[in-house]
Amino acid sequence: MIWAAAAALALGSACTERPTTHHGPGTSHDVATDGAGTLLGAPGTGHHERLRQVPAADAPTVTLTVRADADDGWNVRIDTGRFRFSPDSVGGAAVLGSGHAHLFADGKKVARVYGRWHHLPADDVPPGTKALSVRLYADDHTAWAVGGVAVQATARLPEPPPDDRPVGEQPDRTADFTITAGVVRPEPGRIELRKGDLLAIRVTSDTDDELHVHGVNRTAEVEAGRTTTLRVALDRSGLFEVEMHRSGLVLTQLAVR
């Protein structure tokens, strides 16, 4: 009997699976996450409001970048340190250095986020909102904290770019590009346009990047695996280069006459 118990214990210790996704029936988050920081606040407080305090040297960090989207709303980038997003473990045990994020518009929660990039539609943000905040949470929905303060970052919500064209208006031209392993398809060339044309540029890339139209200063965040559309109203003549800002890949040139 003693030998069997020891063998079972050894077998369990050899398991390399990640922590259980959900704590057992009748257990609290305190039991399921024993050892991952210190829970602050009364046990009866909703778990989304409870803080999970950890030493500053071990705590995750976060910064927030918000840019207006060319079509609708805003593109949000969340950069973290000592932290990874773990969407497959949401609702499970709190593990130091992993979890998800919540976005707040002037203190009101507007989205739960499971990755570095997020598109926030304008309809999801209350009118008059001045700032957007991001807060990091553990998988059990408690907020990571240092010194009794939640780990979060805040950024001003920029105004959408001016555009006198209705969002639903059909573009005069559409240009589609795919980027795979640093190769642009179709090969870079030149697109002839007339002054006043509305161009829709659609990009699908296998890496995160930033689409940039030089000369008219229009940009859009590109998320790996998703198609990003940037609408550009070309109101003056000239030659404008379209590139991926971070990788430096040139997509095409716009010749506007």
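Strands β20 (residues 238-244) and β21 (residues 250-256) run antiparallel and are joined by 6 bridges; strands here are DSSP runs of E, at least two residues long, numbered from the N terminus. Phe 240 has Leu 254 in β21 as its bridge partner. The model is a predicted one, with local features needing pLDDT of at least 70, side-chain atom pairs counting only at pLDDT 80 or more, and totals for chains, interfaces and linings using all residues. Residues are numbered from 1 along each chain as its sequence is written, and side-chain values rest on heavy atoms, with hydrogens and water left out.

Zooming out, β20 and β21 belong to an open sheet of 5 strands with mixed pairing, ordered β15-β21-β20-β17-β18; two strands count as paired if DSSP finds at least two bridges between them. β15 (189-193) and β18 (218-222) each have a single partner strand, so one side of each lacks a neighbour in the sheet.

On to the nonpolar cores, meaning sets of buried Ala, Val, Leu, Ile, Met, Phe, Trp, Tyr and Cys residues joined through side-chain atoms within 4.5 Å, where buried is under 20% relative accessible area (1.4 Å probe, protein chains only). The largest core holds 30 residues, and Leu 64, Ile 78, Leu 103, Leu 132 and Val 134 have the most contacts inside it. β3 (61-68) gives the largest share, 4 residues. Beyond its neighbours within four places in sequence, Val 134 is in contact (heavy atoms within 4.5 Å) with residues including Val 62, Leu 64, Ile 78 and Leu 103. A second, separate core of 23 residues takes in Phe 177, Leu 193, Phe 240 and Leu 254.

Methods: Buried means under 20% relative accessible area, exposed over 50%, partly exposed in between (1.4 Å probe, protein chains only).
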